[in-house]
Amino acid sequence: MATGIKTNLEWLQGSGLTVNRGVVVDEHLRSSAPSVYAAGDVAEGRDLISGAAAVHAIEPTAQEHGRVAGANMAGRDVRYRGSLLVNIVEVCHLDVASFGAWDDPTAEVASGVKADRPAYRKLLWRGDRLTGAIILGPSSDIWTTNDVGMLKGLVQSGVALGRFKAHLARNPFDIKPAFIASRTTGRLLDETILGRPAKAPGDTPVAV
Ligand SMILES: Cc1cc2nc3c(=O)[nH]c(=O)nc-3n(C[C@H](O)[C@H](O)[C@H](O)COP(=O)(O)OP(=O)(O)OC[C@H]3O[C@@H](n4cnc5c(N)ncnc54)[C@H](O)[C@@H]3O)c2cc1C
């Protein structure tokens, strides 16, 4: 059973900060008090896909928030374009992953199941861009794991998929051609939250 998350905001009562489901922050992760920033589980920031305010309460969002809030607190001017909602869980040897606006009732939807194994895909579209996805499949199936990464990239980059939209509608299990043709990895490598190239040890570029 899952009950979701609830941010502990009681200690902020009477502080004067604007709070909703979390501490409401602007695109700089700044609260309603100019010198107070909020990041991570306590912050209600921008969702990448919908643009709406949301509390994600996941580690990737906390890390991105922390980088942006820290940079702004240190005097830089870094705007945050929003965080991608991602949840991955293994239940009874099945991996279940959801990305972005996976429950958007207004999106165009394509879905499919495999006849030979417990595997399900749901893809949500705005035009020819993926805005959300759900994967369910055996943890032992390498394509479940691979497609989690590729689908996350396609939703996160918001890349226009053109004719691959029709291909994915026919076969939502064949993600790789769309991922490679859209050069999604290259797009995400260039994308750094702080607006500068990120380097791992050995000068390998990494997406942050
Ligand atoms: C059981 C569980 C499983 C999870 N699994 C995943 C997962 O698989 N993937 C994922 O992405 N996310 C997962 N999460 C969520 C993830 O842990 C959080 O989103 C992330 O840790 C949030 O980081 P944060 O820095 O905002 O908050 P936290 O990590 O909670 O850090 C807040 C810190 O502030 C300290 N603190 C609190 N009050 C005060 C105070 N008054 N003064 C000083 N310090 C204070 C706390 O002790 C804590 O160290 C999980 C969370 C839980 C509880």
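Tutor: Start with a term. A nonpolar core is a set of buried Ala, Val, Leu, Ile, Met, Phe, Trp, Tyr and Cys residues joined through side-chain atoms within 4.5 Å. Buried means under 20% relative accessible area, exposed over 50%, partly exposed in between (1.4 Å probe, protein chains only). The model is predicted: local features need pLDDT of at least 70, side-chain atom pairs count only at pLDDT 80 or more, and totals for chains, interfaces and linings use all residues. Numbering runs from 1 along each chain as its sequence is written, and side-chain values use heavy atoms, without hydrogens and water.

Student: Which residues touch the most other members of the largest nonpolar core?

Tutor: Phe99, Leu130, Leu151, Leu154 and Leu161 do, out of 25 residues. Two or more residues each come from strand E5 (94-100), E7, E8, H2, H3 and helix H4 (176-181). H2 gives the most, five residues. Helices (H or I, at least four residues) and strands (E, at least two) are DSSP runs, numbered from the N terminus.

Student: What makes arginine 79 and glutamate 27 a salt bridge?

Tutor: The rule asks for a side-chain nitrogen of Lys or Arg within 4 Å of a carboxyl oxygen of Asp or Glu. Here the N to O value is 2.3 Å, so the pair qualifies. Arginine 79 lies in the loop between helix H1 (59-73) and strand E4 (86-91), and glutamate 27 in the loop between strand E1 (23-24) and strand E2 (43-46), so the pair ties together parts that are 52 residues apart in sequence.

Student: Why is arginine 79 called exposed?

Tutor: Its relative accessible area is 52%, and exposed means over 50%, so the label holds. Glutamate 27, at 37%, counts as partly exposed.

Student: How do you know whether lysine 165 is buried or exposed?

Tutor: Its relative accessibility is 18%, and buried means under 20%, so lysine 165 is buried. The side chain of lysine 165 meets that of glutamate 108 in a salt bridge (2.8 Å, N to O). Glutamate 108 is in strand E6 (residues 108-113) and lysine 165 in helix H3 (residues 164-170), so this pair joins parts 57 residues apart in sequence. Glutamate 108 is partly exposed, at 43%.

Student: What makes aspartate 141 and arginine 117 a salt bridge?

Tutor: Their side chains come to 2.8 Å, N to O, and the limit is 4 Å, so the pair counts. Aspartate 141 is buried at 14%. Arginine 117 is partly exposed at 29%. Salt bridges that share partners join Asp116, Arg117 and Asp141 into one network. By this rule the count comes to seven salt bridges.

Student: Which residues are around the ligand?

Tutor: They are Ala39, Gly40, Asp41, Ala57, Ile58, Glu59, Pro60 and Ala62. Each has a heavy atom within 4 Å of the ligand, because that is the rule for being near.
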